[in-house]
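Subject: Structure handover and notes

Hello,

Here is the structure you were waiting for. My notes on it follow below.

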Amino acid sequence: MEYSFQTIEKPIIDIILKEKGSKFISYAFPVEDEEAVKKRLEEIKNLHPKATHHCYAFRLGVNGENYRANDDGEPSGSAGLPIYNQLLAHNITQVLVVVVRYYGGTKLGVGGLVKIYKESAKEVLSFANLVTQELSATIRLIFNYSDQSSVYQIVNKHHLEIVEVQNQEKIKLVIKVSQEKYLIFLELFKSLLNVKVL
């Protein structure tokens, strides 16, 4: 099972290529889910309401299992697929690439379109800083104040990230751990006698 994936660190915007009078403006965004994809597409369409086409492709999921390529009115397979193929070539996921076209009056033909959409996606991704992200999970604990030293000893020893702390009658703690080591930490916390793992 995969526990990490490659994605882009931050958005890359306004990379412009020109071909026979047409202008192609490309964007790349790190995205969490399809809701984020829709939001970014809406932003681009609002930014370029007079553009002829808003072609895009995205990959989501650790292995890029959720994906889509959209030609937005260009001939079938001439825009979305070349963009998608660049996501594959860079081996990245959780990424949306949009290429906006302003038609310049000269038809490029299917071969010309494939070439320029591929180049636009490749160019925008060449500016991206690729990062590896670990999959994470959370563990929720409830324990008495008298048990906090044994809990915090594990947290500090393994440099675990505390997401939330509630100090009431008992301490409630939410800890973020890597997905890969989730079961190990779960068992470790369960081994503490008076600590309840939710």
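Predicted model: local features only at pLDDT ≥ 70, side-chain atom pairs only at ≥ 80, totals over all residues.

S8 and S10 pair in the antiparallel sense over 8 bridges, and Ile 142 stands opposite Lys 172 in S10.

**Helices on that sheet**

In H4 (residues 148–157), the residues Val 151, Ile 154 and Val 155 are buried. Viewed down the axis of H4, its buried residues fall within an arc of 100 degrees, so they line one face of the helix. Ser 149, Gln 153, Asn 156 and Lys 157 are exposed on the other side of H4. The cover over the buried residues of H4 includes strand S8 (136–143), strand S9 (161–167), strand S10 (171–178) and helix H5 (182–190). Just after H4, His 159 has a positive phi of about 50 degrees.

H5 has its own buried residues: Phe 185, Leu 186 and Phe 189. These cover an arc of only 105 degrees around the axis, which puts them on the same side of H5. They pack against S8, H4, S10 and strand S11 (196–197). What does the face of H5 turned away from its buried side carry? That face has the exposed residues Leu 183 and Ile 184.

**The five-stranded sheet**

Another open sheet has 5 strands in the order S2-S3-S6-S4-S5, with antiparallel pairing. Strand S2 (12–19) and strand S5 (66–70) stand at its edges with a single partner strand each, so one side of each is left without a neighbour in the sheet. On average, and ignoring direction, neighbouring strands of this sheet are turned by 15 degrees against each other. Strand S4 (residues 53–60) pairs with strand S6 (residues 95–102) in the antiparallel sense over 7 bridges. Ala 57 has Val 97 as its bridge partner in S6.

In soluble globular proteins, nonpolar side chains tend to be buried together. The largest nonpolar core here has 23 residues, of which Ile 83, Leu 87, Val 97, Tyr 117 and Leu 125 touch the most other members. At least two residues of this core come from each of S2, strand S3 (22–30), S4, helix H2 (80–89), S6 and helix H3 (109–126). H3 gives the most, with 6 residues. Apart from its neighbours within four places in sequence, Leu 125 is in contact with Ile 8, Ala 28, Gln 86, Leu 87, His 90, Ile 92 and Val 97. A second, separate core of 16 residues includes Leu 141, Leu 160, Ile 171 and Leu 192.

**Aromatic pairs**

The structure holds 3 aromatic pairs. One of them is formed by Phe 24 and Tyr 117, edge-to-face, at 5.3 Å centre to centre and with 90 degrees between the planes. Phe 24 lies in strand S3 and Tyr 117 in helix H3, so the pair ties together parts that are 93 residues apart in sequence. Both Phe 24 and Tyr 117 are buried.

Regards

Notes:
Residues numbered from 1 in each chain as written. Heavy atoms only, no water. Pairing = 2+ DSSP bridges. Helix = DSSP H or I, 4+ residues; strand = E, 2+ residues; numbered from the N terminus. Axes fitted to C-alpha atoms, helices over the stretch in contact; angles between N-to-C directions. Buried < 20%, exposed > 50% of the residue type's maximum accessible area, 1.4 Å probe, protein only. Arc of directions from axis to C-beta. Contact = heavy atoms within 4.5 Å. Core = buried A, V, L, I, M, F, W, Y, C linked by side-chain atoms within 4.5 Å. Phe/Tyr/Trp six-rings, centres within 6.5 Å; stacked < 30°, edge-to-face > 60°.
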